[in-house]
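Work through the exercises below with the sequence and the model open. Each task is followed by a solution in steps.

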Amino acid sequence: MTLLIILIIIAILVIAVVAIYNKLVRLRNTVKSSWSDIDVQCKKRYDLVPNLVETVKGYASHERGVFEKVTEARSMAMKATTPGEMAKTENVFRDTLKSLFAVAEAYPELKANANFIQLQSQLQELENNIEYARRYYNAVVRDYNVLIESFPSNLIAWQFNFKQAELFQLETPEVEREPVKVSFS
């Protein structure tokens, strides 16, 4: 009888360890997948920006410094691979986009250009998608990190070398709270 109780306790412990391990694996893979979603949305935005720059160049060709800064910021942002690197480059990239739209503001015929309006609309949609993807990623990272730190799952996480994931936070909270203005109407 005692042997049966011991076997039942061992079976329950094994099932609990397997369940916690599987949950950790599932969350780790969801973190990777949600980071990939952010990467995809940012790539779409990076691909859209040259079209915006070319459209603005047609009207404001003498603003060469702004175009170079946008191109350089885009290049830096595309090279970022971790949430920390991405946050740093995103701040610079968003600021240069603001300066591009500030240049566009000085040209009423550009603001009325159908191609520019369409690109602007696409950029706004991508910004919203990036915001959503970032929030989802951070929520999944939070859940994953809480599981890694909570008892008894922290013992299993430690045993199988699960590491905490990094949140995707923009460097300055003030920048994150300010909406990216891409509408000139």
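Contact here means heavy atoms within 4.5 Å. The structure is a predicted model, in which local features need pLDDT of at least 70 and side-chain atom pairs count only at pLDDT 80 or more, while totals for chains, interfaces and linings use all residues. Residues are numbered from 1 along each chain as its sequence is written, and side-chain values use heavy atoms, with hydrogens and water left out.

**Exercise 1. Contacts and the core**

Solution. 
Step 1. Buried means under 20% relative accessible area, exposed means over 50%, and partly exposed lies in between (1.4 Å probe, protein chains only).
Step 2. Helices are DSSP runs (H or I, at least four residues), numbered from the N terminus.

**Exercise 2. Arg-45 and its partners**

Task: Which salt bridges does Arg-45 form with Glu-90 and Glu-127, and which helices do the pairs link?

Solution. 
Step 1. Side chains of opposite charge can pair when their charged atoms come close. A salt bridge is a side-chain nitrogen of Lys or Arg within 4 Å of a carboxyl oxygen of Asp or Glu. By this rule the count comes to seven salt bridges.
Step 2. Glu-90 and Arg-45 meet through their side chains at 2.5 Å, N to O. This pair links distant parts of the chain, with Glu-90 in helix H3 and Arg-45 in helix H1, 45 residues apart.
Step 3. Arg-45 also forms a salt bridge with Glu-127, with the closest N and O atoms 2.8 Å apart. Because Arg-45 lies in helix H1 and Glu-127 in helix H5, the pair ties together parts that are 82 residues apart in sequence.
Step 4. Arg-45 counts as buried because its relative accessible area is 0%. Glu-127 is buried at 9%, and Glu-90 is buried too.

**Exercise 3. Aromatic pairs**

Task: What is the geometry of the pair formed by Tyr-46 and Phe-93?

Solution. 
Step 1. A pair of aromatic rings is described by the distance of the centres and the angle of the planes. Rings of Phe, Tyr and Trp (its six-membered ring) pair if their centres lie within 6.5 Å; planes under 30 degrees apart count as stacked, over 60 as edge-to-face and the rest as tilted.
Step 2. The whole structure holds six aromatic pairs. Tyr-46 and Phe-93 form an edge-to-face pair, 5.3 Å centre to centre with 85° between the planes.
Step 3. Tyr-46 lies in helix H1 and Phe-93 in helix H3, so the pair ties together parts that are 47 residues apart in sequence. Both Tyr-46 and Phe-93 are buried.
Step 4. Tyr-21, Phe-160 and Phe-162 form one aromatic cluster.

**Exercise 4. Buried or exposed?**

Task: Classify Asn-138, Phe-151 and Lys-69 by relative accessible area.

Solution. 
Step 1. Asn-138, in helix H5 (residues 114–149), is buried because its relative accessible area is 19%. Leaving aside neighbours within four places in sequence, Asn-138 is in contact with Leu-167 and Phe-168.
Step 2. Phe-151 lies in the loop between H5 and H6 and counts as exposed at 68%.
Step 3. Lys-69, in helix H2, is exposed at 55%. The C-alpha atoms of Lys-69 and Asp-95, 26 residues apart along the chain, are separated by 9.7 Å.

Methods. Helices (H or I, at least four residues) and strands (E, at least two) are DSSP runs, numbered from the N terminus.
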